[in-house]
Amino acid sequence: MLLIGFLFKLFSSETHLIHLEVEMWNQIKFLLKRKNKDRRRPSQAKVTLTLETASPQHPDITEKLPSDVLSNIFIRLLAKEIAQLRCVCKSWNALLSESSFIKSHLHHSIHHKDEILLFFRHAFSFDRRPFTAHTSHSPDLELTNFIKLPTSPQSKDTRGDIIGSVNGLICFKYGSYDYAIHIWNPSLSMVLTLPPYSLPKDEWMVNHFRFGYDPKTDDYKVVKLTKLSGAISMLSQVEVYSMRKGLWQLITQRFPSNIKWVSDEEVVCVDGHEGHVHWLGYTDMEQKLQTILAFDLGAETFREIPLPDSILHLHEECLNAMGVLGGKLCVMSCIFEAGKCEVWEMEEYGVTESWVKHHGFSQFSADIVPYGFTLRGEFLFQVDEDANDDCLVLYDPIAAMAKNFKKMGRITISKVVEYVDSLVWVVPEERDISSCSISKF
């Protein structure tokens, strides 16, 4: 009898909690609807976004719900809606601004919301359509007007290129010669313009950038390598921008002297999540012998990671794309004129002997150009069907199924960015913020 009574009480309390969640959800939708209605009527008196006044008979619903239940409700909302709800009351602002909540919301966005891929054109412009957007479950359909674009940064040349993307932040450079670097959160409509780096761009200099997240310091960093054009080795000039510090710093750590060149040709931006950024590098000036150059964002040190031996032996017969799959460094290698692909994963980071071939497929008769991997473990590549048209394919290795994207013709795709609805934003430290420019649009 005691057990039955306890179960009945537990069921009653859970039912009551569910009722409170539904009531809370309805109140949130009402608040957001009222806020959006107020935005559409700018001539009217401003409506303050606040909770309904509580009374002894109807106390504030938030007082009845534990913070973990509130968090479970809020993480389902879009980042821009959460940003509005921070204005409701101090307790909500505190909860929705906590680092743990921001990370929970990010995890929910990555794993539970529709996967949307942004295909950026080479030398894109925000004055025109800079990318096409497609969902992975319906790649033949194109999404339109779901992201508010920033105004074109002031530049003599309105051409941009993507550097990288991590946790919903997109890093890009704008301008072809005297360019500036920006970090953009499209979910919050926020843009940070970085201060100039110490060594300005010169016609004899070639810069290689990466953008990544350092979990040790909860910081986002831009790494810039510089080499002399035509030089037989990389120039040991490296700068790192810290989003948290708001400044560039020269580092003295040299990268491996045997690496003569690095490539910026990776198409899918999934690098930089686990505290490291990577480049495919070459140990010869003919760019035949490949290796991986890794940079530790926390220690700010370089290391070389050799590719699997079987890939090295086929270096003249295959195309390689590097990325991250399930948190592990991996390489997709496609053999010319065979339609055959292999995917290698590094089981233990930095240990050459831990390369393992996990996937292989050869059901495509045409040439395959590897692009990379999505955050959800799918492979993206291009199938050259004929001289006038290419087919972009998203391959699910678990289901062994391929989905084709909408025909794009022979447009030049520079980078593929996975759109992640995100609250992530790092305000530079106050003493250095004067060198940065933060804008909201």
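**Close-up views of a predicted model**

**Figure 1. Overall chain.** The protein chain exposes about 22100 Å², of which carbon and sulfur atoms supply 53%; accessible areas come from the Shrake-Rupley method with a 1.4 Å probe, and for residues only the protein chains shown count as cover. This is a predicted model, in which local features need pLDDT of at least 70 and side-chain atom pairs count only at pLDDT 80 or more, while totals for chains, interfaces and linings use all residues. Residues are numbered from 1 along each chain as its sequence is written, and side-chain values use heavy atoms, with hydrogens and water left out. The secondary structure comes to 6 helices and 25 strands (DSSP runs numbered from the N terminus: H or I of at least four residues, E of at least two). Of the 441 residues, 50% are buried (under 20% relative accessible area, 1.4 Å probe, protein chains only).

**Figure 2. Lys-224 in strand β9.** Strand β9 spans residues 219–228 and contains Lys-224. Lys-224 is buried, at a relative accessible area of 0%. Its side chain makes a polar contact with the side chain of Thr-226, at 2.9 Å (a pair of N or O atoms within 3.5 Å; within protein, one must be able to donate a hydrogen and the other to accept it, and residues adjacent in sequence count only if both atoms are side-chain atoms).

**Figure 3. The largest nonpolar core.** This core has 40 residues; those with the most contacts inside it are Phe-74, Ile-183, Phe-211, Tyr-220, Val-222 and Met-243 (buried Ala, Val, Leu, Ile, Met, Phe, Trp, Tyr and Cys residues joined through side-chain atoms within 4.5 Å). Helix α5 (residues 99–112) gives the largest share of this core, 4 residues.
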